[in-house]
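Biologist: I'm new to this one. Could you walk me through a few of its features?

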Amino acid sequence: MEQVRKIIDDWRVRIEDHPLHQWLVEEDDVPPERKLWFSLYFTNFIMYFRELNIYHIAYQGDAGLDAPRAALTGHADEDMTHSRLFMADFKTLGWDDLLGWKPSEVFHWLFTSQVNEQLRRRTTAITKLYIEAQDPAVRYAVVEAVEACGNALFRHTTRLADRYTARTGRELIYWGQYHLERETGHAVEDEHETVFADMELTAQQRKDAVRLAVRAFELIDEQNSHMLQLAQETLSQGGFDLRRRAHAEPSRAVDAVEREGDYQPGAMWPEGYAFNFWPVDPHPTQRPLVEALRAETDRVAASGVLDFFRTDDLDEGEARLRLALLFMATDTTGTPTVYRHMVPYAFPATPAERAVNRMASRFGSRSKMLYVDWHSLGLDERLDWPVSRTLEFIYLDRATETHRDLRAVVTHHIDVTTDPLLRYWTVVALKKMTATYADAVGSLARSIEDKTGRPLPYLTLKRSPHDLVLEPDPEADAIRFDTWAAAPATVDAARATIEGIAGSIFTRYNRMLDSQRLRDYPEVA
């Protein structure tokens with residue numbers, strides 16, 4: 001471990017003098033609160049940091065954790081609270097008034113705007129590092145690297161916060177001393193350092209720890225450079241007015257057509273594709289997986305949860321669609337990131353891995369239709385939320401906790417394995433279970449669309465008329481994952497994936513119904 005820590009310390013020194021840090025503390029005419037605008041391009045990571053700690057840094061079942069896992073989990077329990085500190089400073093700095101963005105613009109800025117695409121890529125890449133690092137000795141190195149970067153950043157922002165407080169009398173707790181005291185720059189508290197410092201690593205552990213820690217430093221170094229560029233561009237434009245028009249306003253019109261008979265509500269494999277996807281002819285070893293999916297869809301049908309979407313009353317139907325769309329929004333707008341940066345192999349080496357990548361490239365394009373439905377249902381006007389309230393809904397609300405649970409389940413099952421068959425079944429389970437609910441939502445949405453004449457392309461399951469054109473790859477296109485003989489361990493892992501995803505989606509929809517009964521969001525009623 002000493003060898004690993006030496007490399008981390010070398011990078012710690014290197015990151016200290018990053019141009020972003022130097023610019024933040026440079027004495028110039030830029031007010032400190034404007035220099036902090038860089039973080040508005042980093043908001044997704046800052047707010048997602050809570051989920052990162054809960055689901056991917058902490059180890060579950062702490063009652064039975066060994067000392068290394070318990071130490072990392074304890075540190076994660078502290079770090080998961082920091083997103084709320086950022087929200088406090090967001091309001092102190094008056095960023096709600098500065099931006100003035102509608103809820104749909106916040107979703108678009110975070111999850112689908114081109115300007116933040118590279119941030120989403122890097123956030124996904126960092127998440128994958130933690131998931132890969134299941135060994136606590138290796139995960140410690142990743143956490144140590146990220147913490148070192150955080151400590152370097154906050155030691156510089158503290159100087160900005162002090163200048164801001166001296167001029168305004170208002171304290172910044174996320175950017176200032178309060179947070180810095182909790183960003184020690186280390187993965188665990190002092191009393192637990194010896195747990196890792198005294199570790200004797202195997203050659204493979206040392207190799208993995210160095211590789212993943214260095215990659216974490218590289219990603220954050222790259223991100224710091226990008227944020228500096230974006231912040232300076234924004235300052236040169238005089239603020240966020242131009243950025244709002246160019247990067248926060250989603251389109252209110254998209255090309256969308258009916259599925260022309262290739263969608264069969266209620267069918268086991270409802271959505272037709274022009275490429276091999278559904279397990280329509282499973283190998284005998286994979287038939288238990290098809291049956292597991294069938295059992296989960298039968299459970300949904302028998303539960304009565306879909307009755308929520310059966311109503312002939314126009315006003316009530318619209319209210320139910322508004323609630324459904326609000327709860328779908330984070331997952332739906334985040335779908336392109338999953339298929340673009342989580343599912344694919346970075347360096348596909350086999351036809352099967354290329355087949356997974358080609359499959360992923362074909363999914364996620366419908367997400368932009370959600371903004372049309374959002375506008376048609378008048379959600380921005382009904383919610384009338386400031387930016388901070390929308391951020392709280394996405395990342396912090398009790399009512400949306402089950403949605404974050406689902407994201408974590410899907411993320412874990414995709415990236416915890418490099419087996420293409422398991423990645424295939426993860427996507428199949430996700431597509432099939434979401435289609436089970438989409439059938440009921442779509443039926444109601446088509447009725448509302450017919451009665452009002454307002455377009456609801458996302459909820460009515462329309463598609464783009466423009467088919468994605470990929471270069472020919474006969475070897476990859478010939479792959480039929482469902483025809484493979486699967487080993488018993490693979491079948492067990494795939495069944496766990498199916499049950500995990502199905503259970504999380506089921507819980508999520510039940511929580512949405514609870515939210516209606518509890519009137520968590522009366523704005524959309």
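Biologist: At what angle do helix 8 and helix 14 pack?

Modeller: This is a predicted model, where local features need pLDDT of at least 70, side-chain atom pairs count only at pLDDT 80 or more, and totals for chains, interfaces and linings use all residues. Residues are numbered from 1 along each chain as its sequence is written, and side-chain values use heavy atoms, leaving out hydrogens and water. The axes of helix 8 (residues 103-112) and helix 14 (residues 241-248) lie 10 Å apart. Helix 8 is roughly perpendicular to helix 14 (65 to 115 degrees), as they pack at an angle of about 75°.

Biologist: Which residues of helix 14 does helix 8 meet?

Modeller: The residues of this contact (heavy atoms within 4.5 Å) divide into two nonpolar, two polar and three charged. From helix 8 come Glu105, His108 and Trp109, and they meet Arg243, Arg244, His247 and Ala248.

Biologist: Where is Asp384 placed, and is Asp384 buried or exposed?

Modeller: Asp384 sits in the loop between helix 19 (379-383) and helix 20 (387-395). Its phi is near 50°, a positive value in a residue other than glycine. With a relative accessible area of 64%, where over 50% counts as exposed, Asp384 is exposed.

Biologist: And Leu461: buried or exposed?

Modeller: Leu461 is in the loop between helix 22 (420-452) and helix 23 (474-477), and has a positive phi too, near 65°. Its relative accessible area is 9%, and buried means under 20%. Leu461 is therefore buried.

Notes
Axes are lines fitted to C-alpha atoms, for helices over the stretch in contact, and angles run from 0 to 180 degrees between N-to-C directions. Helices (H or I, at least four residues) and strands (E, at least two) are DSSP runs, numbered from the N terminus. Angles under 35 degrees count as roughly parallel, over 145 as roughly antiparallel, 65 to 115 as roughly perpendicular and the rest as oblique. Ala, Val, Leu, Ile, Met, Phe, Trp, Tyr, Cys and Pro count as nonpolar, Asp, Glu, Lys and Arg as charged, and the others, Gly among them, as polar. Buried means under 20% relative accessible area, exposed over 50%, partly exposed in between (1.4 Å probe, protein chains only).
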